[in-house]
Amino acid sequence: MVNDKKRSAISQVVTREYTINIHKRIHGIGFKRRAPRAIKEIKKFAEKMMGTPDVRIDTHLNKHVWHKGVKNVPFRIRVRLARKRNEDEDSVHKLYTLVTVVEGVESFKGLLTQNVDVDE
């Protein structure tokens, strides 16, 4: 019974905003590997939070991570994680997670995880 409740919660479509502290996740990584590792860590974070093994990174998020170069990755980043239904019938996963960047954040202080209502 417990597994049924967890499974039904994972199977629903939802969108949330998170703040990811990239600085602590890439601490000690060599300069030429920092931005690629940051992308991998964002994917790992999204997979853990949303429970879907299929994670897709938006091109704007990739540009935002890389905009200061390979070694000067932003310390924190505000992302929107959207769990969506997979339209591809051949896919083994019913859901995927789309990770996009939230633009226009001046300060990360006091920001919490928020559920977002998507009217698309």
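## Order of helices and strands

Along the sequence, the elements of the protein follow the pattern α-β-α-α-β-α-β-β-β, giving four helices and five strands. Helices (H or I, at least four residues) and strands (E, at least two) are DSSP runs, numbered from the N terminus. The model is predicted: local features need pLDDT of at least 70 and side-chain atom pairs count only at pLDDT 80 or more, while totals for chains, interfaces and linings use all residues. Residues are numbered from 1 along each chain as its sequence is written, and side-chain values use heavy atoms, with hydrogens and water left out.

Of the 120 residues in the protein, 33% are buried. Buried means under 20% relative accessible area, exposed over 50% and partly exposed in between, with a 1.4 Å probe and protein chains only. Among contacts (heavy atoms within 4.5 Å) between residues at least 6 apart in sequence, 69% join residues at least 24 apart.

## The nonpolar core

The largest nonpolar core has 23 residues. Such a core is a set of buried Ala, Val, Leu, Ile, Met, Phe, Trp, Tyr and Cys residues joined through side-chain atoms within 4.5 Å. The residues with the most contacts inside this core are Ile 22, Leu 61, Val 65, Ile 77, Val 79, Leu 81 and Val 99. At least two core residues come from each of β1 (14-21), α3 (34-50), α4 (59-66), β3 (76-85) and β4 (95-101). The largest share, seven residues, is supplied by α3.

Not counting residues up to four places away in sequence, Val 99 touches Ile 42, Ala 46, Val 55, Arg 56, Ile 57, Asp 58, Leu 61, Val 79, Arg 80 and Leu 81.

## Packing of α3 and α4

The helices α3 and α4 pack at an angle of about 140°, with their axes 10 Å apart. Axes are lines fitted to C-alpha atoms, for helices over the stretch in contact, and angles run from 0 to 180 degrees between N-to-C directions. The two helices are therefore oblique to each other: angles under 35 degrees count as roughly parallel, over 145 as roughly antiparallel, 65 to 115 as roughly perpendicular and the rest as oblique.

The contact is made by Ala 35, Pro 36, Ala 38, Ile 39 and Ile 42 of α3 and by Leu 61, Asn 62, Val 65 and Trp 66 of α4.

## Surroundings of Asp 54

Asp 54 lies in the loop between α3 and β2 (55-57) and is buried, with a relative accessible area of 18%. Not counting residues up to four places away in sequence, Asp 54 touches Asn 86, His 93, Leu 95, Tyr 96 and Thr 97.
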